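This report considers how the parts of a protein model are joined.

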Number of protein chains: 2
Amino acid sequence: MVAVFGHLNPDTDAITSALVYANFLRRTGVDATAYRLGELNRETAFVLSEAGVVAPEVLPELPKGAPVALVDHNEGAQSVPGLADLTVTRVVDHHKLGDLTTSVPPYLRFEPVGCTATILTKLHREANVSVEPQDARLMLSAILSDTLHFRSPTTTPEDREVVAYLAAIAGITDVTAYALAMFAAKSDLGDTPADQLLKMDYKVFPFGEAKWGIGVIETTNPAYVFGRAEALRQAMDAEKANAGLNGVLLSVVDILNETNRTLVLSATEEKVLREAFGAESAGGVADLGARISRKKQIVPALEAYFAQ
Amino acid sequence: MVAVFGHLNPDTDAITSALVYANFLRRTGVDATAYRLGELNRETAFVLSEAGVVAPEVLPELPKGAPVALVDHNEGAQSVPGLADLTVTRVVDHHKLGDLTTSVPPYLRFEPVGCTATILTKLHREANVSVEPQDARLMLSAILSDTLHFRSPTTTPEDREVVAYLAAIAGITDVTAYALAMFAAKSDLGDTPADQLLKMDYKVFPFGEAKWGIGVIETTNPAYVFGRAEALRQAMDAEKANAGLNGVLLSVVDILNETNRTLVLSATEEKVLREAFGAESAGGVADLGARISRKKQIVPALEAYFAQ
């Protein structure tokens with residue numbers, strides 16, 4: 001049995017891609033089960049509820065050498081602890097290739113598109129396997145989520161084409177309304193503790209010798225997030241110390257206005273953002289303008305900065 | 001322009017996959033040119049001559065950051081020196097994933113099949129791009145070469161199916177006769193200097209702290225190779241010293257009888273082969289029985305041995 005899972009601090013793509021890829025593997029003769037590496041965020045809970053799908057179980061302890069399939073990630077720091085003791089047989093991903101190695105020739109399918117689900121849809125079509133309506137809804141949700149309904153610069157023509165294809169199968173006639181409902185669910189953060197808010201969509205990146213943690217909160221209600229800035233900064237400070245990080249950022253992305261105002265913790269982060277982006281900070285907030293994609297607009301610039 | 005190339009000491013798959021993938025990319029709208037990282041072996045020269053195809057040029061010095069596509073390999077040690085300064089945008093391969101990382105999300109297509117050409121054929125079919133007869137002949141040749149006409153344990157049902165598909169397009173009615181002609185060309189080693197014989201199909205593998213060079217000569221005429229054993233051992237000894245290796249092996253694979261008798265250099269190599277395979281050496285030759293696949297039967301056992 002192949003255990004299929006997305007990254008730590010799972011988002012909608014990480015959860016739904018595990019579900020859909022495991023189903024695809026089963027339907028093509030490979031015994032597979034979907035798992036998750038963390039709690040659902042509110043958007044994902046909304047998506048699963050709308051689709052009538054139960055969340056995957058948390059990944060149990062696997063025996064050494066057990067076969068696993070990674071979706072929507074490939075770097076060890078974003079995956080299950082002890083990944084090196086497991087046998088990675090498959091990866092479907094749309095990120096740059098990190099520190100992954102395999103002990104056997106694997107199935108790898110990476111494409112520079114906006115969402116893993118776009119690639120999964122292609123896998124179905126290439127294999128002449130029909131997309132089930134429930135899976136269509138899950139994959140459409142993931143693409144809308146990852147691309148912020150095509151607002152993100154990571155969006156490709158294939159993502160748009162696939163959403164139109166999936167909407168017809170899922171019976172979703174008003175994609176815009178559905179996306180707004182998803183984003184509203186995501187933005188309904190209620191009394192989520194600050195450390196959970198920070199970790200909701202959070203990844204650690206190595207930049208040369210340094211390690212930075214970068215969280216993103218995509219919301220239609222940035223005022224709510226900035227209202228909790230003090231508690232969030234305390235959570236960032238604690239995480240920086242606990243994880244031995246060199247820097248921590250928390251980008252608050254206003255989905256509808258396509259802006260990024262980033263919480264910064266100290267003069268260290270302020271200096272880097274100034275020098276890497278020309279972004280000035282005021283009151284512990286750096287204005288990163290329209291840079292709303294961590295993958296495409298934040299991380300590459302920081303990599304280039306630290307590589308100098 | 002994307003430069004497309006296979007591994008150092010290119011074999012038929014490395015050369016033909018570069019040619020075919022570059023052509024596929026051009027036909028799907030990506031400017032691409034095939035190159036090679038070394039001299040053609042006699043089998044590959046025969047294949048290109050039969051197909052009426054000119055060999056790709058040797059890869060020129062590329063500017064920093066230039067986009068490249070790797071076929072039939074992914075590890076730095078098997079690729080162009082300075083690979084880390086180039087931008088790997090695409091890889092099509094059927095080996096385990098080594099030390100490759102990318103700075104941008106790439107196209108990766110890895111499958112555990114017998115030959116890169118099998119994957120390339122699938123790419124054509126998935127994209128509804130017809131396979132040109134010349135490309136069909138090149139890919140068929142690569143699959144017959146890599147799988148030793150289905151004798152190697154790396155062979156999968158897909159490789160067999162693809163060869164039947166390509167034979168029809170290429171107009172090759174007697175695949176067995178064509179394979180024998182290829183293997184005869186490969187075995188016609190004439191007065192090739194011993195150091196070139198060693199390097200014809202030669203790769204360096206890291207095993208923990210150690211680095212081993214492992215050459216393979218697949219031939220229908222092993223007596224010719226063993227007749228030159230002394231000169232080959234001198235070439236192995238020189239290579240071991242020059243490249244700072246911990247061990248060097250040269251496997252002489254009898255294609256038609258499916259046996260592997262391996263030239264060993266010193267007590268170091270004899271000890272490792274005894275302990276890793278239970279293979280005894282006599283007169284500087286270890287009998288590795290029917291282990292004819294370096295990828296599937298030699299390297300994994302050595303990895304397991306050195307990981308102890």
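This is a predicted model: local features need pLDDT of at least 70, side-chain atom pairs count only at pLDDT 80 or more; totals for chains, interfaces and linings use all residues.

Residues are numbered from 1 along each chain as its sequence is written, chains are lettered from A and ligands numbered from 1 in the order in which they are written, and side-chain values use heavy atoms, with hydrogens and water left out.

**Domains of chain A**

Chain A is assigned domain 1 (2-184) and domain 2 (194-306); such bounds come from an automatic or database domain assignment. Taken over C-alpha atoms, the centres of domain 1 of chain A and domain 2 of chain A lie 25 Å apart. Their contact involves 19 residues from domain 1 of chain A and 20 residues from domain 2 of chain A, where contact means heavy atoms within 4.5 Å.

The size of an interface is often given as the accessible area lost when the parts come together. Between domain 1 of chain A and domain 2 of chain A, the buried area is about 1,700 Å², and carbon and sulfur atoms give 58% of that area. Buried area here is the accessible area (1.4 Å probe) that two parts lose on being put together, summed over both. On the side of domain 1 of chain A, the residues that lose the most area to domain 2 of chain A are A:N9, A:L148 and A:R151, which together account for 32% of what that side buries.

Two salt bridges cross this domain interface, a salt bridge being a side-chain nitrogen of Lys or Arg within 4 Å of a carboxyl oxygen of Asp or Glu. A:R151 also forms a salt bridge with A:E258, with the closest N and O atoms 3.8 Å apart. Five residue pairs (both at pLDDT 80 or more) are in polar contact between domain 1 of chain A and domain 2 of chain A. A polar contact is a pair of N or O atoms within 3.5 Å; within protein, one must be able to donate a hydrogen and the other to accept it, and residues adjacent in sequence count only if both atoms are side-chain atoms.

**Interface of chains A and B**

Between the chains, 21 residues of chain A are in contact with 21 residues of chain B. Chain A and chain B bury about 1,800 Å² between them, with 63% of it on carbon and sulfur atoms. In chain A, the residues losing the most area to chain B are A:L97, A:P105 and A:L108, together 31% of what that side buries. The count of salt bridges between chain A and chain B is zero, whereas four residue pairs (both at pLDDT 80 or more) are in polar contact there.

**Salt bridges and cysteines**

Over all chains, the whole structure holds 38 salt bridges. Some of them are tabulated here.

| Salt bridge | N to O distance |
|---|---|
| A:R36 with A:E39 | 3.7 Å |
| A:R274 with A:E280 | 3.4 Å |
| B:E75 with B:K96 | 3.9 Å |

A:R36 counts as buried because its relative accessibility is 15%, whereas A:E39, at 61%, counts as exposed. A:R274 is partly exposed, with a relative accessible area of 37%. Buried means under 20% relative accessible area, exposed over 50%, and partly exposed in between (1.4 Å probe, protein chains only).

A:C115 is buried at 0% relative accessibility, and B:C115 is buried at 0%. The search of the whole structure finds zero disulfides over all chains, a disulfide being a pair of cysteine sulfur atoms within 2.5 Å.
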